[in-house]
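Here's a quick tour of one protein chain. Take a look at the model first, then read on.

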Amino acid sequence: QGCIKLIGYMTFMYAFAFLVTGLGESWQWLALGMFLQNLTTFYWPAIQALMADSIPPGQRGLGFATIEAIPAAFGLIAPLTGAWLIGLLGMRTAMRGLYFSAFLIASALALFRLRFLKETLTNPKRLDVSPRGIMRLFADSYRGVFTTLSGITRELWVLSLLVTALVFSASFASSFWIIRATKIIGLSLP
């Protein structure tokens with residue numbers, strides 16, 4: 001139950017970050033919420049390993065493509081839905097509602113993961129959920145990043161740096177797309 005608990009509890013923390021972001025009244029709260037969300041994402045490799053173990057070996061490519069494509073397809077309507085809600089309710093109310101909805105959905109996902117996911121390892125390690133155990137888990141997880149980085153090839157380093165630069169620039173700019181759209185381009189709500 002170690003991997004499943006890690007995935008479930010970190011999904012709860014991920015959900016909590018939506019509350020921090022949604023209830024905040026300044027950019028500092030937004031930054032704290034985003035920091036908390038990104039801090040908890042170290043569980044993603046565990047869930048990807050669980051998915052890989054759950055898909056037959058000959059169908060893993062198709063399985064992962066499907067797992068990525070279906071949520072992304074629904075994500076295409078998200079900006080339109082968000083704009084409609086902002087037009088209907090106003091920016092502050094709509095954004096708080098959207099963040100609170102994200103909190104509820106992520107919390108439901110965490111409960112679902114804890115209840116229905118099955119461990120694929122034959123002898124999983126027990127997860128220590130005490131405050132000390134969680135801090136040790138954070139430290140071990142991030143220490144493992146440096147161990148992994150020390151063993152990768154030069155080509156993978158270059159690819160990683162390019163992807164990091166892309167993610168950084170896109171993340172930096174995406175926070176200001178709404179300002180560009182309204183102030184520079186002149187878009188407005190219908």
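## The chain as a whole

Keep in mind that this is a predicted model. The chain has nine helices and zero strands. So if you walk along from the N terminus, the elements read α-α-α-α-α-α-α-α-α.

How far does the C-alpha trace span along its principal axes? The answer is about 55 × 40 × 35 Å.

The chain has 190 residues, and 24% of them count as buried.

Now think about who touches whom. Take the contacts in the chain with a separation of 6 or more: 71% of these are between residues 24 or more positions apart.

## Zooming in on H3 and H4

Let's pick two helices: H3, which covers residues 44-54, and H4, which covers residues 60-75. Their axes come within 10 Å and cross at roughly 130 degrees. Because of that angle, H3 counts as oblique to H4. Is the crossing left-handed or right-handed? For H3 and H4, it's right-handed.

Which residues do the meeting? On the H3 side you'll find Gln 48, Met 51, Ala 52 and Asp 53, and on the H4 side Arg 60, Phe 64, Ile 67 and Glu 68. Sorted by class, this contact of H3 with H4 has four nonpolar residues, one polar residue and three charged ones.

Definitions and conventions
Residues are numbered from 1 along each chain as its sequence is written. This is a predicted model: local features need pLDDT of at least 70, side-chain atom pairs count only at pLDDT 80 or more; totals for chains, interfaces and linings use all residues. Side-chain values use heavy atoms; hydrogens and water are left out. Axes are lines fitted to C-alpha atoms, for helices over the stretch in contact, and angles run from 0 to 180 degrees between N-to-C directions. Helices (H or I, at least four residues) and strands (E, at least two) are DSSP runs, numbered from the N terminus. Angles under 35 degrees count as roughly parallel, over 145 as roughly antiparallel, 65 to 115 as roughly perpendicular and the rest as oblique. A crossing is left-handed if the near helix is turned anticlockwise from the far one by less than a right angle, and right-handed if clockwise. Contact means heavy atoms within 4.5 Å. Ala, Val, Leu, Ile, Met, Phe, Trp, Tyr, Cys and Pro count as nonpolar, Asp, Glu, Lys and Arg as charged, and the others, Gly among them, as polar. Buried means under 20% relative accessible area, exposed over 50%, partly exposed in between (1.4 Å probe, protein chains only).
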